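This report is intended for a reader meeting the structure for the first time. It treats the contact between the chains, then each chain in turn.

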Amino acid sequence: MTKTNPLFIDSTKTHGDSIGTHVELKKILVYDDEDLLIVVTNHQGVAMRIPMKVAEDETSYEARVHLNHQKAISYQFVVEKNGQLILQSATLRSRAQYAIIEDWQPLGADTPAPVPAQDTNDGTQPWPGEYAKSVKGLIDKWGL
Amino acid sequence: MSIISVINQKGGVAKTTTSLNVASSWAAQGKKVLLIDLDPQSSATKAVFGDREFEKTIYDVIMGHAQAEDAIVSSDVFGIDVIPAEIMLSGVDLQLAAHFGREQILRRKLEPLNRRYDAILIDCSPSLGLMTINALLASKDIIIPICPEYFSLKGIDLILATLQNIRTGLGYKVGIRGVVITRYRDRKVAKDVIRQVREHYQLNVYSNYIPDSIAVEEAHHNHSPVHKYAPRSPASKAYMDLSKELWL
């Protein structure tokens with residue numbers, strides 16, 4: 001059940017529609033003099049730095065970012081103090097959906113970077129369905 | 001009015017038995033209940049009506065050939081209304097693959113019934129397909145029946161992953177009302193699994209466990225709810241108590 005499973009793609013949203021994406025980061029402790037931000041790079045390569053606030057349940061941090069539905073994005077969580085970077089997560093790649101929900105996993109010298117791509121298709125590749133119908137797809141499948 | 005899906009992607013955990021007996025127990029307590037059979041195997045339909053065939057089923061409703069109210073059939077024995085299923089439902093995923101808004105067909109079809117019932121229960125198929133997604137998007141909450149074995153925890157993992165995917169991909173938050181323990185036997189493994197569900201998954205486990213009982217199976221074969229077939233059996237009392245607990 002990957003995030004590109006067509007079962008979980010809203011058929012009423014055409015590729016590229018703008019949606020408000022809810023961002024939620026769990027299992028993180030941020031001190032009073034620190035800031036938590038999500039840095040999102042959209043499909044056009046524009047980076048947005050959005051401050052995250054404590055959620056109502058006080059167990060996680062949340063933010064809202066406007067993205068184009070199903071377009072390739074990358075994002076990273078960073079903790080800053082007086083504008084200086086203190087901690088950061090790995091840069092993750094996905095497609096813009098209605099929610100980004102992650103557990104905090106800081107990158108450290110002794111911490112191997114997690115596998116970044118949940119969706120290895122960065123938007124430059126055709127969708128599996130399109131690929132199956134393409135000339136190259138048919139040749140690969142049937143040897144035509 | 002609540003719409004609740006009874007779901008577990010693991011088979012054989014008494015989804016249908018739980019749906020039927022909870023629905024019927026609610027009806028016995030004076031509630032107006034609709035049960036929707038969304039499993040192509042039609043287990044709930046067969047348990048209530050035997051081999052009877054229906055002119056209109058949930059398949060016709062989903063495909064737009066009928067309105068939901070036209071497919072409702074009443075069962076005097078169970079005291080509930082049912083929208084029956086049929087095997088054609090297994091082909092719906094392909095038939096609706098290119099249908100605009102295919103994920104929310106059931107949600108839209110059930111809207112006219114909102115004021116007619118106190119509760120609508122949806123008996124889901126064990127597979128994760130378009131119909132299960134439709135059930136989840138139509139529901140406010142879900143109930144997860146599990147047999148307390150180690151493999152049952154895998155079923156919970158699958159459900160949680162599905163709910164997360166629905167939230168991220170489709171933007172809907174479906175709540176987990178709680179976990180129903182079925183086919184309970186007083187064994188260490190059962191207690192371990194229940195403890196893990198509470199502590200590791202942080203899920204609400206209903207305190208009325210349904211005991212492993214032949215009366216439940218016999219009631220099924222006799223097309224009767226267990227509270228009518230064997231009213232003095234422990235399973236009958238457990239389902240009655242569970243239905244009250246579920247209604248809170």
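How many residues does the contact take from chain B, and how many from chain A? The model is a predicted one, and in it the contact takes 16 residues from chain B and 13 residues from chain A. On the side of chain B that touches chain A, helix 6 (130-138) and helix 7 (151-170) of chain B each supply at least two residues. Helix 7 of chain B provides the largest share of that side, with 9 residues.

## Chain A

Chain A contains 2 helices and 9 strands. Read from the N terminus, its elements follow the order β-β-β-β-β-β-β-β-β-α-α. Of the 144 residues in chain A, 15% are buried. Among contacts in chain A with a separation of 6 or more, 65% are between residues 24 or more positions apart.

Strands of a sheet pair through backbone hydrogen bonds, in either a parallel or an antiparallel sense. One open sheet of chain A has 4 strands in the order 4-5-1-9, with mixed pairing. Its edge strands are strand 4 (53-54) and strand 9 (99-103) of chain A, each of which pairs on one side only. Strand 1 (residues 18-26) of chain A runs parallel to strand 9 of chain A, and 5 bridges join them. Within this pairing, A:Val23 has A:Ile100 in strand 9 of chain A as its bridge partner.

Strand 6 (residues 72-81) of chain A has antiparallel pairings with strand 2 (residues 35-41) of chain A, with strand 8 (residues 92-95) of chain A and with strand 7 (residues 84-88) of chain A. The table lists the bridges of these pairings.

| Strands of chain A | Pairing | Number of bridges |
|---|---|---|
| Strand 2 and strand 6 | antiparallel | 7 bridges |
| Strand 6 and strand 8 | antiparallel | 4 bridges |
| Strand 6 and strand 7 | antiparallel | 4 bridges |

A:Val39 has A:Gln76 in strand 6 of chain A as its bridge partner, and A:Ile73 has A:Ser94 in strand 8 of chain A. A:Glu80 is opposite A:Leu85 in strand 7 of chain A. Strand 6 and strand 7 of chain A form a hairpin with 2 residues between them, and A:Asn82 in the turn has a positive phi of about 50 degrees.

## Chain B

In helix 9 (residues 214-221) of chain B, the residues B:Val216, B:Ala219 and B:His220 are buried. Why do they lie on the same side of helix 9 of chain B? They cover an arc of only 105 degrees around the axis, which places them on the same side of helix 9 of chain B. On the other side of this helix, B:Ile214 and B:His221 are exposed. The buried residues of helix 9 of chain B pack against helix 1 (15-28), helix 2 (43-49), helix 10 (226-229) and helix 11 (234-247) of chain B. B:His223, which follows helix 9 of chain B, has a positive phi near 50 degrees.

The axes of helix 1 and helix 11 of chain B come within 9 Å and cross at roughly 80 degrees. These two helices of chain B, helix 1 and helix 11, are therefore roughly perpendicular to each other. Residues making the contact include B:Val22 and B:Trp26 of helix 1 of chain B, and B:Tyr239 and B:Leu246 of helix 11 of chain B. The residues of the contact of helix 1 with helix 11 of chain B divide into 7 nonpolar, 3 polar and no charged.

How values were computed
Residues are numbered from 1 along each chain as its sequence is written. Chains are lettered from A and ligands numbered from 1 in the order in which they are written. This is a predicted model: local features need pLDDT of at least 70, side-chain atom pairs count only at pLDDT 80 or more; totals for chains, interfaces and linings use all residues. A residue is buried if 20 or more other C-beta atoms lie within 10 Å of its own, exposed if 12 or fewer, and partly exposed in between; C-beta atoms are placed from the backbone. The arc is that of the directions from the helix axis to the C-beta atoms. Two residues are in contact if their C-beta atoms, placed from the backbone, lie within 7 Å. Two strands pair if DSSP finds at least two bridges between them. Axes are lines fitted to C-alpha atoms, for helices over the stretch in contact, and angles run from 0 to 180 degrees between N-to-C directions. Angles under 35 degrees count as roughly parallel, over 145 as roughly antiparallel, 65 to 115 as roughly perpendicular and the rest as oblique. Ala, Val, Leu, Ile, Met, Phe, Trp, Tyr, Cys and Pro count as nonpolar, Asp, Glu, Lys and Arg as charged, and the others, Gly among them, as polar.
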